[in-house]
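Thanks for passing this one along. Here are my notes, in numbered points, to read beside the model.

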Amino acid sequence: MGTTDKPADPETATKVVPPPSKKESAATPPPPKPDYLFLADVALRFLVFAASLTSVLVMVTSKQTVFRGPFPVKAKFNHSPAFIYFVAALSVAGLYALLTTVASISVILKPICPPKLLLHFAFLDVLILGLVASATGTAGAVAYIGYKGNEHVMWQKVCSAFDKYCKHIAGSLATSLLASVLLVLLVWLSTFTLHKKIRQD
């Protein structure tokens with residue numbers, strides 16, 4: 001009798017898995033790389049918030065009482081309209097920086113960012129920069145008159161009497177100047193990020 005070949009058992013047969021094709025491996029997207037421009041954006045916006053908040057706090061706590069004879073004389077920031085405008089402007093800048101910091105963090109968590117959002121950031125950054133710069137210049141001019149006086153119009157200097165008050169004002173102005181510089185860097189960064197995004201699209 002002739003021998004008949006038995007079929008191989010399917011359970012014991014060796015299963016050969018074909019290697020993934022180049023198309024399948026290429027179809028798998030690589031993990032997204034962190035956008036360092038947005039990380040720098042978040043850092044700058046947080047620093048603007050911190051500088052604005054510090055400047056406001058130092059300004060609103062600037063007060064001093066001196067005695068001229070038996071009469072007390074008080075000096076506060078709200079005695080000058082320029083300083084009131086300064087506090088209002090830096091408060092707006094701090095709130096804006098805080099809100100845009102949260103927005104930038106959401107962009108990092110969701111990398112799909114439309115150029116329209118970046119354009120809004122650039123416009124608003126320029127607006128806040130102008131607001132902070134104008135407030136710093138206005139308050140700085142009043143502080144300079146208080147420090148140096150003006151002999152031509154007989155404006156007397158007051159910082160010789162209100163030394164503690166003037167030191168608070170100077171510290172607040174220095175911090176607001178730092179916020180202005182940070183906003184300049186932020187405007188440059190926002191413009192460059194928008195330019196890069198448009199080129200990629």
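Predicted model: local features only at pLDDT ≥ 70, side-chain atom pairs only at ≥ 80, totals over all residues.

1. Is A93 buried or exposed? With a relative accessible area of 0%, A93 is buried, because a residue counts as buried when that value is under 20%. Leaving aside residues up to four places away in sequence, A93 touches S52, I128 and V132.

2. Next, a look at how helix 3 packs. Two packed helices are described by the angle between their axes and by the distance between those axes. For helix 2 (residues 36-60) and helix 3 (residues 81-109), the axes come within 8 Å and cross at roughly 155°. This makes helix 2 roughly antiparallel to helix 3, since angles over 145 degrees are put in that class.

3. What is the handedness of the crossing where helix 2 passes helix 3? The crossing is left-handed. As for the residues that form the contact of helix 2 with helix 3, they divide into 20 nonpolar, seven polar and two charged.

4. If you want a distance to check in your viewer, L117 and V107 are 9.8 Å apart, C-alpha to C-alpha, and ten residues apart in sequence.

5. Now for the whole chain. The secondary structure comes to five helices and two strands, and along the sequence these follow the pattern α-α-β-β-α-α-α.

6. How much of the protein is made up of buried residues? Of its 201 residues, 33% are buried. The protein exposes about 13,900 Å², and carbon and sulfur atoms supply 69% of that area.

7. A last point, on contacts along the chain. Taking the contacts with a sequence separation of 6 or more, 80% come from residues 24 or more positions apart. The pair A93 and I128, which touch each other, may be a handy place to start looking.

Methods:
Residues numbered from 1 in each chain as written. Heavy atoms only, no water. Axes fitted to C-alpha atoms, helices over the stretch in contact; angles between N-to-C directions. Helix = DSSP H or I, 4+ residues; strand = E, 2+ residues; numbered from the N terminus. Parallel < 35°, antiparallel > 145°, perpendicular 65-115°, else oblique. Left-handed = near helix turned anticlockwise from the far one by under 90°. Nonpolar A, V, L, I, M, F, W, Y, C, P; charged D, E, K, R; others polar. Buried < 20%, exposed > 50% of the residue type's maximum accessible area, 1.4 Å probe, protein only. Contact = heavy atoms within 4.5 Å. Areas by Shrake-Rupley, 256 points an atom, 1.4 Å probe, with all protein chains shown as cover.
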